[in-house]
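Here is a short report for a first look at this structure. Start with the view below, then read on.

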Amino acid sequence: RDLESCALNVEKAFVENELPFFIDQANTMSHHPILEFINSLFLLKKNHYRLDDVFRFLRTELFIPDYDGQDTSKEAYQKQINEWRQKIDIAENVALAYGYHGNDWIKNEEWIYMDRALDEESPLNDHDQKIQDTANSVRQAVKDYIVPFTDQLEKGQTNREIAGRLYHFMQRIGVIEQLQLWQDQLIQQGELEEAREHEQAWNT
């Protein structure tokens, strides 16, 4: 009688016993990646690229600059996701260790991984150079793709104009294709209810 309080247990039991089911109950969108994407995107400008907001945005995985979408197999996609997650982790560690925040995301200067003040002529070893290059690739992706959109928010616009710019921005960086890919993968796996949630979230 009280489906809300036991829905998770019902779902778990049906899945474990391989029984198809449908729960006719509205699901909250509060933790859907697209809501996280939009909320954190607007916070980037409001809080001037605070680290928490930047990495909250990047971890929605709706923005993957290196993914070309050509190979949509589960294996290829998972490989790209894992590589992107690793890059984000490295960039976060470098940003936290050396205090990169705010203007450091929008300036042209590259981040430096090691303090070479004691020996300016000493080059980075291969391992450290790779870490520095990886962190800067994430920084550059934010600067190239995200900063131009957030800069547009400074101009006086109506809500309709901002919504239009947001939609075209999401089109340009592949958010729509990413959601469609998630939905297609879930359909292939027989997870029709979860696939429907992505469609509902996008329509909303």
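## Reading exposure

A residue counts as buried under 20% relative accessible area, as exposed over 50%, and as partly exposed in between. Asp-151 has a relative accessible area of 35%, so it is partly exposed. Lys-45, at 23%, also falls in the partly exposed class.

## Confidence

This is a predicted model. The mean pLDDT of the chain is 85. At least 70 is reached by 86% of the residues.

Helix 3 scores highest, at 95. Helix 1, residues 3-16, scores lowest, at a mean of 74. Where pLDDT is low, the predicted coordinates should not be read in detail.

## Salt bridges across the chain

Side chains of opposite charge can pair when their charged atoms come close. How many salt bridges does the whole structure hold? The search finds eight.

One of them joins Lys-45 to Asp-151, with N to O at 3.4 Å. The two residues lie 106 apart and link distant parts of the chain. Lys-45 sits in helix 2, residues 33-46. Asp-151 belongs to helix 5, residues 126-152.

Arg-85 and Glu-61 form another salt bridge, at 2.5 Å from N to O. This pair also links distant parts of the chain, 24 residues apart. Arg-85 is in helix 4, residues 74-98. Glu-61 is in the loop between helix 3 (51-58) and helix 4. Arg-85 has 36%, so it is partly exposed.

## A further pair and a network

Asp-104 is buried, at 16% relative accessible area, whereas Lys-107 is partly exposed, at 37%.

## A nonpolar surface patch

Now for the nonpolar side chains. Phe-14, Val-15, Leu-19 and Phe-21 form a patch on the surface. Together they have about 330 Å² of accessible area.

Where does Phe-21 lie? Its place is in the loop between helix 1 and helix 2. Phe-21 has a relative accessible area of 31% and is partly exposed. Patch residues need over 30%, so Phe-21 passes that cut-off.

Conventions. Residues numbered from 1 in each chain as written. Predicted model: local features only at pLDDT ≥ 70, side-chain atom pairs only at ≥ 80, totals over all residues. Heavy atoms only, no water. Salt bridge = Lys/Arg side-chain N within 4 Å of Asp/Glu carboxyl O. Helix = DSSP H or I, 4+ residues; strand = E, 2+ residues; numbered from the N terminus. Buried < 20%, exposed > 50% of the residue type's maximum accessible area, 1.4 Å probe, protein only. pLDDT = per-residue confidence, 0-100. Patch = residues over 30% accessible without salt bridge, like charges linked within 9 Å, V, L, I, M, F, W, Y side chains within 5 Å. Areas by Shrake-Rupley, 256 points an atom, 1.4 Å probe, with all protein chains shown as cover.
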